[in-house]
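The entries below follow the order in which I looked things up.

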Amino acid sequence: MANWTSLPEKLFSLDGHVALVTGAGSGLGKYMAHAVLHAGANVILVGRGLQRLQVAAMEMYASLRDDKPMGHDSYVEDFDQAKWDALAPELSKRLACIAWDVSKLETLPELAAQAKAIFGAPDILINAAGLNPRKPAEEVTPEIYEYTLRLNLSAPFFLAQALVPDMKAQGWGHIINFGSLQSFRAFPNGLPYGASKGGVAQLTRAMAEAWSTPGTGITANAVAPGFFKTQLTAPLFSKPEVIRALEKQTTMRRLGGCDDVQGLAIFLASHASDYITGQVIGVDGGWLAI
Ligand SMILES: NC(=O)c1ccc[n+]([C@@H]2O[C@H](COP(=O)([O-])OP(=O)(O)OC[C@H]3O[C@@H](n4cnc5c(N)ncnc54)[C@H](OP(=O)(O)O)[C@@H]3O)[C@@H](O)[C@H]2O)c1
């Protein structure tokens, strides 16, 4: 029995894998990173602020080591240098933080190179960084429009493009993009956001067409979250009447908690989904079903 591995372990274990997660300092990206860490991957957290990522890393590490719950957001104000210095030698065996602005597309090959130098080439990419400017169509400027598409739609492609050669060389790689309900339908004040998330659905299919070819072992899928309370949706969650209306439109009559994305994160990151590619999968409590 010494070498026996259970089927769930074979399918879902991420031991020996390396995940790069953008937008990992808060909200859904943070919970996706936490989930793949628990499944066994070494994880590189990417966001613009180093200390915020370090706070998130310490929370994830405490969750792994001591089963402590995580908060939805990570605050720079909670950063404690002495605590970091004490934890860093152990924590850095499983977690690393890279402060990077992924909207600077021409720098993404350098991000991929820096990530590779830490735990080896990432073979799981989770593209969670994103923003929603929430403006009426008449107030959307070319700058807002261009930046939203660059961050939400172009960065996931160019970061994947930088990582795919090593995924191909290793014969395996899983890419997870972030769609939205707006990949399927329009919402008020959602013009550039909706355009970018509709684009993510097609980008995901196009990535599958380009890279899920014989022998690569590469898959590309997207999650399409319903409504989750994060800094991105804070303007909605500040209005109780909006929340009640959204809950009413959800089959399960509740909005998402960030931990609701964790199962799908492990599934799409792992061998359990090796034959699934080009899909956009809702995690929305049935919002799109009715
Ligand atoms: N919450 C929802 O209900 C919902 C629904 C559908 C889809 N989504 C999608 O889920 C993803 C995560 O959003 P969230 O709701 O978890 O919101 P969030 O907490 O605001 O997360 C967005 C993350 O992106 C990072 N980020 C922003 N600009 C960046 C840049 N230029 N470079 C690197 N990182 C950057 C932010 O960190 P820094 O500011 O520190 O860089 C932040 O950690 C997004 O793609 C969003 O569209 C969310």
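This is a predicted model: local features need pLDDT of at least 70, side-chain atom pairs count only at pLDDT 80 or more; totals for chains, interfaces and linings use all residues.

**Entry 1: the whole chain.** I counted the elements and got ten helices and seven strands in the protein chain. The box around the C-alpha atoms, taken along the principal axes, is roughly 60 × 50 × 40 Å. I then looked up the radius of gyration, which is 18 Å; a compact globule with 290 residues would have one near 19 Å, so the two agree. Of the 290 residues, 44% count as buried. Among contacts with a separation of 6 or more, 76% are between residues 24 or more positions apart.

**Entry 2: the sheet.** In what order do the seven strands lie in the sheet? I read E3-E2-E1-E4-E5-E6-E7, an open sheet with parallel pairing. Its edge strands are E3 (95–99) and E7 (280–283), each of which pairs on one side only. On average, neighbouring strands are turned by 20 degrees against each other, direction ignored.

**Entry 3: the E3 side.** Strand E2 (residues 42–47) pairs with E3 over five bridges, in the parallel sense. Here I found Val-46 opposite Ile-98 of E3. Helix H5 (residues 108–119) packs on the sheet and touches E1, E2 and E3. The direction of H5 makes about 160 degrees with that of E3.

**Entry 4: strand E4.** I moved on to E4 (residues 124–127). Ile-126 is partnered with Ile-176 of E5, and Asn-127 with Asn-177. Are the faces of E4 covered or open? Both are covered: Ile-124 and Ile-126 on one side, and Leu-125 and Asn-127 on the other, are all buried. I noted too that E4, helix H6 (residues 142–170) and E5 make a right-handed β-α-β unit.

**Entry 5: strand E5.** How many of the six residues of E5 are buried? The count is six of six. Gly-173, Ile-175 and Asn-177 point one way from the strand, while His-174, Ile-176 and Phe-178 point the other way. E5 pairs with E6 in the parallel sense over six bridges, and Phe-178 stands opposite Val-223 in E6. The chain goes from E5 through H7 to E6, a right-handed β-α-β crossover.

**Entry 6: helix H7.** H7 has 21 residues and reaches 29 Å from its first C-alpha to its last, close to the 30 Å expected at 1.5 Å a residue. Its buried residues include Leu-191, Tyr-193, Val-200, Leu-203, Thr-204, Met-207 and Trp-211. I recalled that an α-helix has 3.6 residues a turn, so residues three or four places apart point the same way. What do the buried residues of H7 pack against? They pack against H6, E5, E6 and E7.

Technical notes:
Residues are numbered from 1 along each chain as its sequence is written. A residue is buried if 20 or more other C-beta atoms lie within 10 Å of its own, exposed if 12 or fewer, and partly exposed in between; C-beta atoms are placed from the backbone. Helices (H or I, at least four residues) and strands (E, at least two) are DSSP runs, numbered from the N terminus. Two strands pair if DSSP finds at least two bridges between them. A crossover is right-handed if, with the strands pointing away from the viewer, the path from the first strand over the helix to the second runs clockwise. Axes are lines fitted to C-alpha atoms, for helices over the stretch in contact, and angles run from 0 to 180 degrees between N-to-C directions. Two residues are in contact if their C-beta atoms, placed from the backbone, lie within 7 Å. The radius of gyration is taken over C-alpha atoms; the globule rule is 2.2 Å times the number of residues to the power 0.38. The expected span of a helix is 1.5 Å times one less than its number of residues.
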